[in-house]
Amino acid sequence: MRKTNALAFAALGTVLTMGLAACGGTAGGGGNTSSGNKATDGAAASTAKYNDAYTKVVNPSDAKGGTLKFALTNEPDSTDPGNTYYAWNWNFTRLYARPLMTYTAQPGEAGLKLVPDLAESAGEVSADGKTWTYKLKKGIKYDDGTEVKAADIKYAVARSNFTDELTDGPKYFALYLDAGDYKGPYKDKNLDDFKGIETPDDYTVVFKLKAPFSEFDFLVSNPQTAPVPQAKDTGVDYEKAVVSTGPYKFESYEVGKQLNLVRNTNWDPATDTTRKQLPDRIEVQYGQNGEDIDNRLIAGQIQVDLAGTGMQPAGRAKVVSDPKLKDSTDNPFTPFNRYAMMSTKVKPFDNVECRKAVQYATDKTATQAPWGGPLGGEIGTTAMTPTTVGYKQFDLYPNGADHKGDLTKAKEALTACGQPNGFEANLAVRGDRTKEVQVAEALQASLARVGIKLTIKKYPSGDWSAQYAGKPDFVHKNNLGIMIAGWGADWPSGFGFLSQIVDGRAIKPSGNYNQMELNDPAINELLDKGIQTPDATARNEIWAQVDQKVMESAAFMSFVYEKTLIFRPSNLTNVYVHPAWGMYDYTWLGVKQ
Amino acid sequence: MPGSDPPGHSGRTIVVAFIVRRVIAAVLMLAVVSMATFAIFFLIPRALGQTPEGMASRYVGRDATPEAIQGAVKRLHLDDPLLVQYGRFAQGIVAGQDYSLGPKKAECPAPCFGFSFNNNQPVWPTLLDRLPATLSLAIGAAVLWLVTGVSIGVVSALRRGSVLDRAAMTVALAGVSLPIYFTGLLSLSVFAYTLGIFPGGGSYTPITENPVMWFQALVLPWITLAFLYAALYARLTRAGMLETMGEDYIRTARAKGLRERTVVTKHALRATLTPILTIFGLDLGLLLGGAVLTESTFSIQGIGKLVIDAIRGNDLPVVLGVTLFAAFFIVLANLIVDILYAVVDPRVRLS
Amino acid sequence: MTTPPESFLELRDLRIHFPTEDGLVKSVDGLSYKLERGKTLGIVGESGSGKSVTSLGILGLHKGGRAKISGEIWLDGEELVSASADHVRTLRGKKMAMIFQDPLSAMHPFYSVGAQIVEAYRIHHKVSKGVARKHAIDMLGRVGIPQPDRRVDDYPHQFSGGMRQRAMIAMALSCDPELLIADEPTTALDVTVQAQILDLMTDLQREFNSALIIITHDLGVVAELSDDILVMYGGKCIEYGSAEDIFYRPEHPYTWGLLGSMPRLDRERTERLLPIKGTPPSLINVPSGCAFNPRCGFVGRTEGKSTSEVPELLETEGGHLVRCHMPRTERRSIWDNEIKPMMEST
């Protein structure tokens, strides 16, 4: 699962919504009167409409030059491509780090298709499905002019997956590669001891897997396969001087404050089908005030909120009330599903009928509201999200025309469960996440209509999965019948989305994400079968089946497929929303001068 | 006869002895502060049943394997007894320590507050790096609020009950009541994004790089921060001035035939300002430990921004570092205030 | 406006009223008296009787612009009520000076004693700081401060109470004032020091030939120093006369009360022979008729005279003025037959 940015000062932001929305009218209105004003650039006339960048490239331009400015409320876990787990950073690091594979540069579903990046072509899989071979393009250089070697990719994977120091990224390669008890390059300086990857020559990388894994191309699209020369590696400090393979390279980096990128003259566009190199410079400011980022976007002083998580409540209120400003926004899906899980091990949710009762009784417009209404998410009915490869729309528990709940069916289900008058249960929520608490309250009110009385239990998000909802023992002991959570896939396929949260074998004594403790052999088998199916179409069909089975269990109830409202300043060119990230394709952007 | 020993007698010795005593007390206090902070972040979670692994899991990636967590426990020494952990921290401050960055060890020379758990940067250089921004903000704002606050307070007191007095005190009430977050964003919205007079948020530039930009970027933060304090100081000054103007020695001064201006500036203001200077010293000391809200609002990467981020991220070494840093400034401010007080007010003895 | 008087100081129907939220406070309400150079006037009264406000009024120091002052204050041929504030200021410290009670609070705590005297001197004399300092040391010496050249740099808190009072006197006398007003100059001091200070003041008065006003609530203080004594009550003069008149032939029941409460060596200070019941009158709602009426022990002995009127200040004999409804004979008889024997018997 990718991390999202916690909304800094969310509560304060809400308080300010009213006050600033009022004066916001002034700020926006200024654009109409004083045309020479610098502050009006962002709101200047543009023909683009609301959500245009979701389906096409807005302000297409190949004009080069200028400085593209990003801002971020917090700081990245690391700028090291091998040591980060933020979705936006996987998007952003592509500016200076090229993995073996990457996504097609196109809006819509087409963007989810992988294309070779450093590799010449997609991976070649052996007959037994356990060996994946990638051939490198020739002549790809680092920013210092030296050539990229296969061993550098091997080393990059070794350092990011097999060391104690680089802790921030995912460890899929450690999980799937057949590497024995390899200690990692910091303890074992001899890279030949790493048997999980072989490099028979400088242009061939061979991955050795423990078991077949049909979606391996998705894994190598992770920035962890971007090459790192062993001599240049300084461990956690490597983030300060990342060696570039992309169109930009590091000019300066002050940890926690600012990152400046400049053109990498050793990047050859002929080898790269997905990136552009339009701005002269790219500047990123970290630790910026969220409310202020929105105001600066609207004023055109910066171009992108790097996190891609959308506007703060105040900024959102400002733009939706002004049609002109609203035309400068896009409202894409994020990879996140916001849902409730019902524990199959806690009474009375061990009975599927009681779970169904919840599905029918929930007023999903009420649980949608805390996310920001339709702009914050579309009401969900499945486990997989619309931007996942293999997603099929269906609704097993239609609960009224407006999703406001079907109380008759809910009562039938309750009767079938042997609880015709309802029951009492506990609802666990991350107490420091305002929106989730509001969802819990809405759910509580919904279910009270059929006699299900929920008691809301709040736990801190920091230890949520280690100590509370992610610890089955704790869940059982405290009778946590319903838990409110969210999940976003690391890669947009059914497997990427589902494996951690619905596989019965993924249930862990702590840090568990299958909080419903669903352990259906049929689901487990389908997951195994799917990941070993080489044919993508057949595979995606299997993911849809898994989704169907999960929903049949009624233990999973989606509130919304999350959406964000992101602002698109008019001086930002070549903008489109990439479906894999649910945010703008950062490698395409240009800036009007 | 009481007080018959003349002043100035061995005055220097007294001051030196006083400073030495206070410095020793300050060091002890800093030790206590560090222990208390340490306890809040380590002892209390442990007492509540948190395991070293549980703590380590906060500082590794989301998808950490048990091995990675164990690695973090070892690397951050979370499994050592607490006393040993504290000892290592304390030793680091005095003697420095080593830290594993990966292929090689990094040295952290004394004073070493350790390395951030979250971004692996050594804490002390980070603090020094963030200090100029906070200094610029705090000192600039302090000058502004002292001058405006005291002037308004004096004028208000002398024209007590006038329209001017009432207007000033109403604005002052607003200044005290309105949160910086609100006034800050409002001022940015008006002066930066609508009128375009000043640069927007996040435009702080070190004075060494570009003094003009430094100044322009700080005008709004200065005013915002100073507004709050100026309001406070105007009220304090007004109240103090009204009290002082009623003192017998003011009547004496007038009875000598002094001009009213001299009475106000030489006799009244001096007595009014003395307690205000004390508060001023402490306020400034406190601010040097980070102007959290102003820095956050204007995206100034100072000490305050650093610590609020560190607290949010459970970044213990940074929190400990900033706490000690801030405590140091407060202790220093106290010391200076005490010495100044003794200089200003002859009745006060350094003892 | 009338013609300038011949007296050095003369007050004519002085009224100082303060408007407050609760009403008009009549602190001084129609006060008149005269004082010559070299003479001493004692003004006696309880706190709130208006005795301090009167003297502040002479100096132009009655608080702020809110006070309403009327009547005339003639000082050496100049009328001060109608004079400009700045002109009065130039007279303060030089022509007329004041010794305040409680010199610890009346001297600025942050400036040395010497500096405060130097300041007072240099307002009216264009001399260098060095010259002024010599003068300050000289003055301190004259008021009896030992080692004045060393103590000149001490701060007020480093002085003892008596020394502070001496320093205060030195400050007031630093410009040779012709009128010196001492407001409770000895209240904060113990008895032996009191005597020293009072002696000092009379010596200096003689030396400078100033007119001296001593304000006190304690008749004992002014007993020996004063030529004339003025008893104030409720913002008005209720008895005025020579010291002898007041001590040997007092005619007002309030004065009797004051005399009865004088400390004597053979009596406990707190023991009151002839206690004055009740509290001083509110200066806002002054009782109709005699202000002392509610506390007077001789109400009803007015021989039919209406008590609803304010009694007038009338001469009884030889400049002795009394404000009382009782006929003179009655007052004399009460003093001679009832009060005096009681005082002498103990």
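In the predicted model examined here, helix α8 of chain B passes helix α10 of chain B in a right-handed crossing, a crossing being right-handed if the near helix is turned clockwise from the far one by less than a right angle, and left-handed if anticlockwise. Residues are numbered from 1 along each chain as its sequence is written, with chains lettered from A in the order in which they are written. Local features need pLDDT of at least 70 and side-chain atom pairs count only at pLDDT 80 or more, whereas totals for chains, interfaces and linings use all residues.

The axes of α8(B) (residues 211–245) and α10(B) (residues 260–288) come within 9 Å and cross at roughly 150°; axes are lines fitted to C-alpha atoms, for helices over the stretch in contact, and angles run from 0 to 180 degrees between N-to-C directions. The two helices α8(B) and α10(B) are therefore roughly antiparallel to each other, the term applying to angles over 145 degrees. Helices (H or I, at least four residues) and strands (E, at least two) are DSSP runs, numbered from the N terminus. Residues of α8(B) that meet α10(B) include B:Tyr229, B:Tyr233, B:Leu236 and B:Gly240, and those on the α10(B) side include B:Ala268, B:Pro275, B:Ile279 and B:Asp283. By class, this contact has ten nonpolar, four polar and one charged residues; Ala, Val, Leu, Ile, Met, Phe, Trp, Tyr, Cys and Pro count as nonpolar, Asp, Glu, Lys and Arg as charged, and the others, Gly among them, as polar.

Between chains, 28 residues of chain C are in contact with 21 residues of chain B, contact requiring C-beta atoms, placed from the backbone, to lie within 7 Å. On the chain C side, α4(C) gives the most, with four residues. That side has 13 nonpolar, eight polar and seven charged residues. Of the two pairs of chains that touch, chains A and B have the most contacts. No contact joins chain A and chain C, whose closest C-alpha atoms lie 40 Å apart.

Within chain C, eight strands form an open sheet of mixed pairing in the order β6-β7-β8-β3-β9-β10-β12-β11, two strands being paired if DSSP finds at least two bridges between them. Its edge strands are β6(C) and β11(C), each of which pairs on one side only. Neighbouring strands of the sheet are turned by 20° against each other on average, direction ignored. Strands β6(C) and β7(C) (residues 179–183) pair in the parallel sense over four bridges, and C:Ala182 in β7(C) is the bridge partner of C:Ile99. Helix α11(C) (residues 253–260) lies across β3(C), β9(C) and β10(C), running at about 110° to β9(C).

How values were computed
Angles under 35 degrees count as roughly parallel, over 145 as roughly antiparallel, 65 to 115 as roughly perpendicular and the rest as oblique.
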